[in-house]
Amino acid sequence: MFGWEYPPLHLGGLGVACQGLVRGLLGNGVKVTLVLPHESETSDTEVRFPTDEFVQKLRVCSMLQPYSTFESFEADIRKVPKNKKDVYGDNLGEAISNYTEMSVKMTEDLNPDVVHCHDWMTYEAGRRAAAHHQVPLVAHIHATELDRTNHAPNEYIYQRERMGFEAANRIIAVSNYTKNVLIEHYGIAQEKISVVHNGSADMAPSHELLEFKRTQKKQHPLVLFLGRLVTQKGAVQFLEMASIVHQTKPEVNFVMAGDGHMFEELVDLSCKLGLQDSVIFAGKVGSMEASQLYTQADCFVMPSISEPFGLVALEAISHGTPVILSRQSGAAEVIEDCFTVDFWDTAKMADCVLTILREEPLAHQLRSYAPRILNKLTWQHQASHVQSVYTDLIHC
Amino acid sequence: MNPRICFYFQVHQPYRLRDLRITEVGHGDVDYFDNTKNGEIFRKVAEKCYLPANALMLEMLENHPDFHISYSLSGVFLDQCKEYGPDVLESFQKLAATGKVEFLAETYYHSLASVVSLEEYCEQVTKHVRAIEELFGMTPTVFRNTELIYNNEIAQIARLMGFNGIISEGADAMLQGRNPNDPFRPPTFRLPASREKIVRKHRPLPKRARDIAVLLKNYKLSDDVAFRFSDKSWVGYPLDAHTFTDWLMNSGGQSVNLFMDYETFGEHQWEDTGIFDFLRSLPAIWQERGIKAVTPSQIIADWNKDHAHVYDVHDSISWADMERDLSAWTGNHIQDAALQSIYTLEHQVKMTGNEKLIEAWRKLLTSDHFYYMCTKYWSDGDVHKYFSPYESPYEAYRRYSHALADLRSRLSA
């Protein structure tokens, strides 16, 4: 399995999903060798990554990071001390080819039944490894370039994705939403795509927590956004919604947790909307802080413009927080006890927030019913779907 | 002796709510209901079901002397007829003119009042009885409660109201192996004096009935038509009118009660399933084989109450969902909150004497609003989703809670 990021070294949902899937597969008795572009301290499974010694031998190493674009990669390169710079490629394209070469090399001695790769950066490695071992290739898609760029894709990345989809014997999409993107915008045949929704390792909220939330009285209710501050995540829509809520209920506070290139623009916008005393920018939060924010929030809003899945929705639910989800998301397909709205309909989004804040029976029901999904969507269970894709491919 | 057949059809349309917003609450004359959507749905069902089905019924009633049918038309359905379908109302009046159609009494607003507020319950039944008299020139003598919600007390109250018959679900647990095709009677007991007094005060009919017969839905044979008719995975598919008649004849008892939604014809089962042809062929087959289709009152007229078994129902039953209880409308937090909040306003709303306000409040009592808030995803969720005009139970509650909030603000103004 060619991975990309893996906890504790991860930026977004992909690392979490990858770990969940690996653990689920292992739990179902599947042997997994994971190849990562960086060192990992995990004890989950056998992990192969380029060691110094190996790099010496190959004289290349990658500094791949998830969510890279050419621009941000160059920024990273600039951060590397001058004398080390020659170890890394000069641009993203070269870095990937280095990663690919090493990954394939490192796995030559293995004898896999299936090669499984996650998102575009690993597709070429997957393709070559599958060809080398003459086994089926599974391309897992967690987020497409179209999701990340609001349909203004980097041509190089888009082509990489297409190459991977075409080379794969089967594609696993994390939602029907993503499956439709692949069919409509990548021209992939639908028979080739299996949908396996992400799982969750989160626990349902305790009875005590739910009781506490039911009985507490707050002067300043809190509405939470958690995600990178980029167009894709609907950060602007969140502020528009906040402004409408503010007009009816000025005592409501809004927290935007996460960082991203839109930070300054969003601070500006929040001031323009008169929300300077109501919106708090929390910056990038660690898992402890995130957990605290989820618990404190009276309502979690995920207004993404295009969200292949949206694991944050499940995280919020596991903290007993009602969620409002963009209809343009995979999570909205599987979570029953929530509000769903189109990302552009910020007036309706605001109305849902206000209704949840006004109607305690509704909030209580959303808090206590929504976690039922966590028992259904375990990684063990979702991994069994992935496993049956493997079985299918091996036997046909 | 061959059993007789008793057809009864429920005809009902709720007033669905508009996409209300919190910003509208308390801003004066807010209309809660989605007139466009209600009109559209009414016309769609009228074209697919009411008009063609009524035409077919008229043809069968005119051609077959031993063919009778019965309906319960909810008051809110009749109101929508006036708004969106005078042609539909007229076609029902034509059926009434044959003298072979019985109209049953029910709560005007198709409400859950029977299990919440006795006074409102009696008032709604009275309003419905008057409406049927006015539109069809006959006084109902048989009662059927919203979605066949039934318990011993409801039966006794119906008797005190003056009805000599009541319709109920033939639930296995209550039947205990007995045949639903025989009329039953409720256990005899007296209501508390205070409750009897309320019924007396708002009685829809001149005097209480001595006895009341309980006619039970034969759910197996009813659902063969209503739910399974077009189900290709069903062992009985395709259902043939002769085979179905065999089943009816073999089921014994005095009358096979086939109770179902009228929308079965043309709406739940589309015309291309052959449901109309199936229905059309029944009376001739029945005539040939000596089977009569009668109304509930005809069964009750021939009823020997001394031989009747007791149908003993302590906890309410209904014809809804697998559970056949009240869980389609009550039980989760949002349903209970909505139900409690709306009935809490009863006294205040009535005290205003404001007809428009009372009317808006009563339209919010319609059981469908609570049905749409049901979250039983695991069993009958798909059925609830099929019937719901909203995208989720929470959307149903969002709209309802805004209507409630506005109603409250109008009361405090």
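## His68 of chain B

His68(B) sits in the loop that joins helix H1 (35-63) to strand S2 (69-73) of chain B. Helices (H or I, at least four residues) and strands (E, at least two) are DSSP runs, numbered from the N terminus. This is a predicted model: local features need pLDDT of at least 70, side-chain atom pairs count only at pLDDT 80 or more, and totals for chains, interfaces and linings use all residues. Residues are numbered from 1 along each chain as its sequence is written, and chains are lettered from A and ligands numbered from 1 in the order in which they are written.

His68(B) is buried because 23 other C-beta atoms lie within 10 Å. Buried means 20 or more such atoms within 10 Å, exposed 12 or fewer, partly exposed in between, with C-beta atoms placed from the backbone. Leaving out residues up to four places away in sequence, His68(B) touches Lys100(B), Ala293(B), Val294(B), Thr295(B) and Gln298(B). Contact means C-beta atoms, placed from the backbone, within 7 Å. Glu24(B) is 44 residues from His68(B) along the chain; their C-alpha atoms are 49 Å apart.

## Helix H8 of chain B

Helix H8 (residues 219-226) of chain B has buried residues Tyr219(B), Ser222(B), Asp224(B) and Val225(B). Their cover includes strands S5 (165-169), S6 (213-217) and S7 (255-261), and helix H9 (241-250), of chain B.

## Domains of chain A

Chain A is assigned domain 1 (13-199 + 378-395) and domain 2 (207-376). Such bounds come from an automatic or database domain assignment. In chain A, 16 residues of domain 1 contact 12 residues of domain 2. On the domain 1 side, helices H1 (13-27), H6 (145-149) and H8 (176-186) of chain A each supply at least two residues.

How values were computed:
Contact = placed C-beta atoms within 7 Å.
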